[in-house]
Protein chains: 4
Amino acid sequence: MLTINRLSHTEAQTLIEGARLKALEIEVPMCIAIVDESGNLIAFERMNGAKITSITIAQDKAFTAAAARKATHEYNAACVPGNLVFGIHTALGGRLCVVGGGLPVVVDGEVVGGIGLSSGSPQQDMACAEAGLAYLERQLGNVR
Amino acid sequence: MLTINRLSHTEAQTLIEGARLKALEIEVPMCIAIVDESGNLIAFERMNGAKITSITIAQDKAFTAAAARKATHEYNAACVPGNLVFGIHTALGGRLCVVGGGLPVVVDGEVVGGIGLSSGSPQQDMACAEAGLAYLERQLGNVR
Amino acid sequence: MLTINRLSHTEAQTLIEGARLKALEIEVPMCIAIVDESGNLIAFERMNGAKITSITIAQDKAFTAAAARKATHEYNAACVPGNLVFGIHTALGGRLCVVGGGLPVVVDGEVVGGIGLSSGSPQQDMACAEAGLAYLERQLGNVR
Amino acid sequence: MLTINRLSHTEAQTLIEGARLKALEIEVPMCIAIVDESGNLIAFERMNGAKITSITIAQDKAFTAAAARKATHEYNAACVPGNLVFGIHTALGGRLCVVGGGLPVVVDGEVVGGIGLSSGSPQQDMACAEAGLAYLERQLGNVR
């Protein structure tokens with residue numbers, strides 16, 4: 001039998017809170033999604049004014065980061081025509097998302113979930129995702 | 001020009017809170033989804049221990065209730081072989097959900113969103129959805 | 001943080017072996033799928049002569065049993081027109097399978113995965129799924 | 001009437017075994033998929049620790065290699081903007097996979113199946129797929 005560590009619902013809410021505070025600071029309403037280590041949704045929030053398309057994109061970013069254990073912007077950098085990874089962005093019916101803004105949640109060296117942000121520029125999305133991780137880290141220690 | 005009334009994010013969280021309190025009371029961890037009047041997700045919560053399949057089903061119940069402006073258990077009652085509505089349960093690739101547990105959120109006689117619960121029996125799901133509405137009503141008045 | 005128990009790959013192979021032995025005994029080549037507690041595929045085997053349609057159906061049965069923590073034949077019994085659960089069989093794009101032959105794998109009272117069989121009659125599929133569980137139980141104890 | 005040569009289940013397991021041995025050697029847990037000459041799954045294995053996203057990607061690589069009778073890295077090389085093949089990576093809802101790691105299984109000059117690996121870099125995936133073919137070859141002769 002394998003023993004797996006997984007984000008709790010409370011920790012998911014902490015991640016959302018940290019990301020939302022950053023979104024409020026930069027004044028870009030965001031869609032914020034948190035998934036567990038298997039890529040399944042734990043919590044989601046669409047701030048007033050966030051984009052409709054971002055409902056799915058935020059979830060797909062969080063899914064990708066957790067289930068592939070890689071930040072979506074790292075896939076983005078590798079997903080260039082001529083590179084052997086190119087084409088990964090259409091996998092899983094396009095659900096594998098290579099747009100920046102999805103980060104794995106790593107605790108004590110292990111991926112326990114993923115966070116995905118969408119509605120701003122990829123840089124803004126990434127900054128809010130980072131803010132979510134930092135906010136959880138202050139509570140747990142050893143996050144990332 | 002049309003003017004549309006729509007649940008805010010805060011009101012969505014209030015609905016979730018009311019449903020969660022009922023789920024805790026009956027000791028059935030639930031997936032809880034809130035959508036706006038267009039059927040688009042505003043907020044989602046998977047309580048620790050809720051079912052993986054319910055992640056999508058809760059969202060589809062909320063979507064159906066808001067976008068079709070009808071409780072999913074009302075569709076269920078009509079969706080019987082020989083009745084002209086039968087077959088509606090496969091519409092939208094199965095996203096139109098006729099399993100009990102999805103209710104429209106009606107304020108001042110107008111559908112402003114939907115709430116969907118999943119993980120228990122349909123009766124338990126419906127009770128928690130009702131509890132969400134009642135909780136919001138205490139704050140807003142005139143809900144339903 | 002939550003701590004989750006999950007079937008290992010070796011245990012998945014044991015389940016397949018037990019199911020295959022039964023399939024050979026009744027002379028019905030089967031598709032056999034094993035998923036983890038989140039519904040994600042661990043191992044799959046199509047015996048020579050098993051049906052092509054069963055490739056997906058076996059996986060969907062295993063997924064449903066694990067992710068909804070319920071045997072697919074139990075859903076089947078409840079999924080009757082007029083019952084509030086009716087319509088669940090079209091959920092998740094039809095991936096939620098209510099055809100007999102999917103069983104949760106329960107160890108020490110906890111769902112740690114699912115097994116799905118397809119290619120025979122539902123009764124044959126169920127018998128082989130049961131045989132898989134029994135085979136694992138002889139090795140682990142406390143299965144189911 | 002056509003007579004078709006197709007991998008047996010035993011041969012599929014041999015391919016998986018060869019690929020797994022290489023994966024263990026390079027210490028990258030892999031998802032390994034084997035399909036027949038029609039692209040239909042025969043056997044699948046997710047080693048402990050392999051990625052969730054790779055469950056589908058490994059299968060899609062094997063499917064593409066067998067059903068299009070071409071290694072996925074060869075598609076990758078051709079799938080460059082300006083080249084007339086470009087765009088093939090979105091075909092079949094993205095199931096046609098152009099990421100390196102899928103190889104046709106060729107016996108006596110004929111494609112009898114496909115092997116797909118995923119979880120490492122494309123180069124690691126390709127090396128393990130090659131190892132699977134080499135392992136089968138030692139048993140059958142004339143593979144590739």
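**First stop: Thr72 of chain D**

Select Thr72(D), which is placed in helix 3 (residues 72-78) of chain D; helices (H or I, at least four residues) are DSSP runs, numbered from the N terminus. The model is a predicted one, in which local features need pLDDT of at least 70, side-chain atom pairs count only at pLDDT 80 or more, and totals for chains, interfaces and linings use all residues. Residues are numbered from 1 along each chain as its sequence is written, chains are lettered from A and ligands numbered from 1 in the order in which they are written, and side-chain values use heavy atoms, with hydrogens and water left out.

Is Thr72(D) buried or exposed? With a relative accessibility of 0%, Thr72(D) counts as buried (under 20% relative accessible area, whereas exposed is over 50% and partly exposed is in between, for a 1.4 Å probe and protein chains only). Next, display the side chain: one of its polar atoms lies 2.7 Å from the backbone oxygen of Val99(D). Leaving aside residues up to four places away in sequence, Thr72(D) touches several residues, among them Lys61(D), Thr64(D), Cys97(D) and Gly101(D) (contact means heavy atoms within 4.5 Å).

**Second stop: helices 1 and 4 of chain D**

Select residues 9-26 and 122-140 of chain D, which are helix 1 and helix 4. The two pack at an angle of about 130°, with their axes 7 Å apart. They are therefore oblique to each other (angles under 35 degrees count as roughly parallel, over 145 as roughly antiparallel, 65 to 115 as roughly perpendicular and the rest as oblique). The axes are lines fitted to C-alpha atoms, for helices over the stretch in contact, and angles run from 0 to 180 degrees between N-to-C directions.

To inspect the contact, show side chains including Leu15(D), Leu21(D) and Ile26(D) of helix 1 and Ala131(D), Tyr135(D) and Leu136(D) of helix 4.

Move to Ser54(C), found in helix 2 (residues 53-67) of chain C. Ser54(C) is buried, its relative accessible area being 2%. A polar atom of its side chain lies 3.3 Å from the backbone nitrogen of Ser119(C). Residues up to four places away in sequence not being counted, Ser54(C) touches Cys31(C), Ser118(C) and Ser119(C).

**Last stop: Glu74 of chain A**

Finally, select Glu74(A) in helix 3 (residues 72-78) of chain A. Glu74(A) is partly exposed, at a relative accessible area of 44%.

Methods: Polar contact = N/O pair within 3.5 Å; in protein donor to acceptor, adjacent residues only side chain to side chain.
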